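Colleague: Could you walk me through reading salt bridges in a model like this one?

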Amino acid sequence: MISQTERHQFILNKLSKESFVNVLELCKELDVSSVTIRKDLKLLEDKNLLFRTHGGATLNNPYTIDRPVNEKEKLQSAEKMKIGFTAAQLIRDNDSIIIASGTTVLALAKNFPAKQNVTVITASLPVAQELNKHPDIEIMQLGGILRKSSSSVTGPYAQKILTDFFCSKLFLGVDGIDLEFGLTTTSVMEAHLNRQMIDVSQKVIVLSDSTKFGKRGFGRICGLEEVDQIITDSGISEHFVAQFESRGIEVTIVN
């Protein structure tokens, strides 16, 4: 029978390759009970070698914290610009789109293509300011309570305005993407507004760098069944790609 030390080494090796391990899969691969695996994961977590999550474990801390937008903008900035550029290629003439808030969707605004008769609804002040440089874009800035950490608006006023519109695409930034819990952000009010945006959009496109996978924010936006496409960087693990594609989500990976 395989020893505890060997099990631990197997788990850590698997984590280093896939960034996430599942309890049930480990039970089959190591031929032990789920009780044994959960004990192993707890011991490894106590040694600060991993973080336990619902149904498994990950190398990354699964819980996000709220950071100021100017601090977020410095994180994974190159990856975000590539994601934003790739997302911008999806915009067509005569599109009516929603751009939510966050530094990754701001990268989309910075890479906005020269298109005719495009209408953009946004909650983000920096996105509106960036798009204001384009004379051919009609911008509708949502109003409401200003969330200073993200320089964006939230609240019932913004949600109510959205009920009068229907858009072809929503470009959504998130703080966490969890296979069980879905899309999350650190703000409950922002999560409610994002949910309203999903309700009035034909296609939901999530822009996220790979550090967000396997993490959970405080406010749940929606389950993965609401997502049509995810644009991310090459740091995403094969495990997450397979899980997303098995649920019918198109995954676009930028180089």
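Predicted model: local features only at pLDDT ≥ 70, side-chain atom pairs only at ≥ 80, totals over all residues.

Colleague: How many salt bridges does the count come to?

Modeller: Side chains of opposite charge can pair when their charged atoms come close. Here a salt bridge needs a side-chain nitrogen of Lys or Arg within 4 Å of a carboxyl oxygen of Asp or Glu. By this rule there are 10 salt bridges. One of them joins E18 to K14, with the closest N and O atoms 3.4 Å apart.

Colleague: Where do E18 and K14 sit in helix α1?

Modeller: Helices are DSSP runs (H or I, at least four residues), as are strands (E, at least two), numbered from the N terminus. E18 and K14 are four residues apart in helix α1 (residues 4-18), so about one helical turn separates them. K14, E18 and E29 are linked in a network of salt bridges.

Colleague: Which pair links distant parts of the chain?

Modeller: R216 and D178 form a salt bridge at 3.3 Å between the closest N and O atoms. R216 lies in the loop between β12 (201-207) and β13, D178 in strand β10 (residues 176-178), 38 residues apart.

Colleague: Is D178 buried or exposed?

Modeller: Buried means under 20% relative accessible area, exposed over 50%, partly exposed in between (1.4 Å probe, protein chains only). D178 is buried at 8%, while R216 is partly exposed at 23%.

Technical notes. Residues numbered from 1 in each chain as written. Heavy atoms only, no water.
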